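Dear colleague,

Please find below the structure that I am handing over to you.

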Amino acid sequence: MKPLPDAPKPAKRPGRGRPTHDQVGKRYAAELRGVEVHPAALALKAWRVRNGLSQPQAAEVLRGFFFYVTFSTLRSWEEGQRVPPDDKARLLETLLQAHPKAAKPGVAPAPSARPAAK
């Protein structure tokens, strides 16, 4: 027998590895899965949050520094699903230390003070 269309749906039971409703958004995704995040990825997240960048914006800014990384790769590093290769991790840490401030992509720098054309 089919349930009535206006009947409430049963609540999903928290299963193994599934956070309860009060846990969602309160913990980092890697903590929920019980994995360790690479230190370079932690530095990347701290840099990104400090500069007020979303993950896609951070990937675009890093590409502007000729550090080619996709949004999905950046996300998987931050969530602990993947680990950056050692050479990329060292390069990323060097880049983040050299550029602690980053402008949001698409924001033009302030115009320089040039004399008016005659």
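**Findings**

Helix H2 is followed by Gly 52, whose phi is positive, near 65°. Helices here are DSSP runs of H or I with at least four residues, strands are runs of E with at least two, and both are numbered from the N terminus.

Please note that this is a predicted model, in which local features need pLDDT of at least 70 and side-chain atom pairs count only at pLDDT 80 or more, while totals for chains, interfaces and linings use all residues. Residues are numbered from 1 along each chain as its sequence is written, and side-chain values use heavy atoms, with hydrogens and water left out.

The protein holds 5 helices and 0 strands, and its pattern along the sequence is α-α-α-α-α. Of its 118 residues, 24% count as buried; buried means under 20% relative accessible area, exposed over 50%, and partly exposed in between (1.4 Å probe, protein chains only). Among contacts with a separation of 6 or more, 59% come from residues 24 or more positions apart, where contact means heavy atoms within 4.5 Å.

Helix H2 covers residues 39-50, and its 12 residues should span 16 Å at 1.5 Å a residue; the end C-alpha atoms are 16 Å apart, which agrees. The expected span is 1.5 Å times one less than the number of residues. Its buried residues are Ala 40, Ala 41, Leu 44, Trp 47 and Arg 48. Seen down the axis of H2, these buried residues fall within an arc of 120°, so they line one face of the helix; the arc is that of the directions from the helix axis to the C-beta atoms. On the face turned away from the buried side, H2 carries the exposed residues Pro 39, Val 49 and Arg 50. The buried residues of H2 pack against helix H3 (55-64), helix H4 (71-78) and helix H5 (86-98).

For H5, 13 residues should span 18 Å at 1.5 Å a residue, and the end C-alpha atoms, 18 Å apart, agree with this. The buried residues of H5 are Ala 89, Leu 92, Leu 95 and Leu 96. They cover an arc of only 130° around the axis, which puts them on the same side of H5. They pack against H2, H3 and H4. The face of H5 turned away from its buried side carries exposed residues, including Asp 86, Arg 90 and Gln 97.

In soluble globular proteins, nonpolar side chains tend to be buried together. The largest nonpolar core has 20 residues, and those with the most contacts inside it are Leu 44, Trp 47, Leu 62 and Leu 92. Elements that give two or more residues to this core are H2, H3, H4 and H5. Such a core is a set of buried Ala, Val, Leu, Ile, Met, Phe, Trp, Tyr and Cys residues joined through side-chain atoms within 4.5 Å. Not counting residues up to four places away in sequence, Trp 47 touches several residues, among them Leu 53, Leu 62, Leu 96 and Pro 100.

The structure holds 1 salt bridge, defined as a side-chain nitrogen of Lys or Arg within 4 Å of a carboxyl oxygen of Asp or Glu. In it the side chains of Glu 78 and Arg 48 meet (2.9 Å, N to O). The pair links distant parts of the chain, with Glu 78 in helix H4 and Arg 48 in helix H2, 30 residues apart. Both Glu 78 and Arg 48 are buried.

With kind regards
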